[in-house]
Amino acid sequence: SSQAASDTAAVNDPLKQRVEAHRQQQYQQNAAFKERLQATPPDQRISLVKEHREARYLENRAFAEQIHNERMSRLRARLDQSKKLTDAQRAERVSAAEDVHRRQLQFHTQQHQKNMQFLDGLAAMSAAERKEALKHQHERQKTEAQTFHEGLKAERMASHGQSRTALLSFN
């Protein structure tokens with residue numbers, strides 16, 4: 001079992017490295033965008049931020065889909081190699097992984113839509129109001145994301161425990 005965990009970590013490692021490289025690249029691009037934004041007249045900033053966020057959203061969604069497809073391919077290969085699992089158990093695990101992916105996409109789409117609506121409302125605010133609103137929006141979304149991901153993790157842990165118990169009962 002620790003060998004399986006070790007194999008999983010080794011298989012996913014290149015993907016984790018690509019995800020981290022993608023994040024670093026976006027961090028650098030976002031920093032450069034913020035610098036360019038400072039040189040932009042204030043009345044044009046919100047529309048530029050919206051364009052930037054939309055481009056990032058589409059780029060991240062395409063990247064997430066690519067990584068998901070690679071993870072699913074690897075998951076299916078690992079499941080096909082497992083002699084302890086029935087076809088139904090394999091299908092259940094694939095279905096569960098696809099469900100998590102769909103829920104993550106849905107969550108991130110909702111967050112993006114909320115961001116776009118929020119940005120639309122910023123134009124009518126004073127600079128001080130915008131600063132405060134941005135702070136609250138960031139905190140709210142951070143909390144929502146933490147809650148969402150903690151819920152997924154709790155479900156995964158509960159499911160993993162059930163799957164493990166079911167596997168052990170076959171021995």
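Student: What does Arg90 form a salt bridge with?

Tutor: Arg90 pairs with Asp87, and the closest N and O atoms are 3.1 Å apart. A salt bridge here is a side-chain nitrogen of Lys or Arg within 4 Å of a carboxyl oxygen of Asp or Glu.

Student: How many residues apart are Arg90 and Asp87 in helix α3?

Tutor: They sit three residues apart in helix α3, so about one helical turn separates them. Helices are DSSP runs (H or I, at least four residues), strands are too (E, at least two), and both are numbered from the N terminus.

Student: Is Arg90 buried or exposed?

Tutor: Arg90 counts as buried, at 15% relative accessibility. Asp87, on the other hand, is exposed, with a relative accessible area of 62%. The cut-offs: buried is under 20% relative accessible area, exposed is over 50%, and partly exposed is in between (1.4 Å probe, protein chains only).

Student: Before we go on, what kind of model is this?

Tutor: This is a predicted model, where local features need pLDDT of at least 70, side-chain atom pairs count only at pLDDT 80 or more, and totals for chains, interfaces and linings use all residues. Residues are numbered from 1 along each chain as its sequence is written, and side-chain values use heavy atoms, with hydrogens and water left out.

Student: OK, and how many helices and strands does the protein have?

Tutor: Four helices and zero strands, so the pattern along the sequence reads α-α-α-α. Of the 171 residues in the protein, 23% are buried.

Student: Back to charges. How many salt bridges does the structure hold?

Tutor: Nine. One of the salt bridges joins the side chains of Glu70 and Arg18, at 2.7 Å, N to O. That pair links distant parts of the chain, with Glu70 in helix α2 and Arg18 in helix α1, 52 residues apart. Glu70 is partly exposed at 23% relative accessibility, and Arg18 is partly exposed at 30%.

Student: What about Arg103, which residue does it form a salt bridge with?

Tutor: With Glu155, the closest N and O atoms being 2.8 Å apart. This pair also links distant parts of the chain: Arg103 belongs to helix α3, Glu155 to helix α4 (residues 127-170), and they are 52 residues apart. Salt bridges that share partners tie Asp99, Arg102, Arg103 and Glu155 into one network. As for accessibility, Arg103 is partly exposed at 25%, and Glu155 is partly exposed at 40%.

Student: Changing topic: at what angle do the axes of helix α2 and helix α3 cross?

Tutor: At roughly 175 degrees, and the axes of α2 (residues 42-81) and α3 (residues 87-122) come within 11 Å. That makes α2 roughly antiparallel to α3. Axes are lines fitted to C-alpha atoms, for helices over the stretch in contact, and angles run from 0 to 180 degrees between N-to-C directions. Under 35 degrees counts as roughly parallel, over 145 as roughly antiparallel, 65 to 115 as roughly perpendicular and the rest as oblique.

Student: And which residues make up the largest nonpolar core?

Tutor: There are eight: Phe33, Leu37, Val49, Met116, Phe118, Leu119, Leu122 and Ala133. The elements giving two or more residues to this core are α1 (2-38) and α3, and the largest share, four residues, comes from α3. By nonpolar core I mean a set of buried Ala, Val, Leu, Ile, Met, Phe, Trp, Tyr and Cys residues joined through side-chain atoms within 4.5 Å. Apart from it lies another core of five residues, including Met72, Leu75, Leu79 and Val94.

Student: Which residues does Leu122 touch?

Tutor: Leaving out residues up to four places away in sequence, Leu122 touches Ile46, Arg130, Ala133 and Leu134. A contact means heavy atoms within 4.5 Å.

Student: Last one: is Gln141 buried or exposed?

Tutor: Gln141 is buried, with a relative accessible area of 14%. It is found in helix α4, and it touches Gln111, Lys114 and Asn115, again not counting residues up to four places away in sequence. Compare Gln113, in helix α3, which is partly exposed at 44%.
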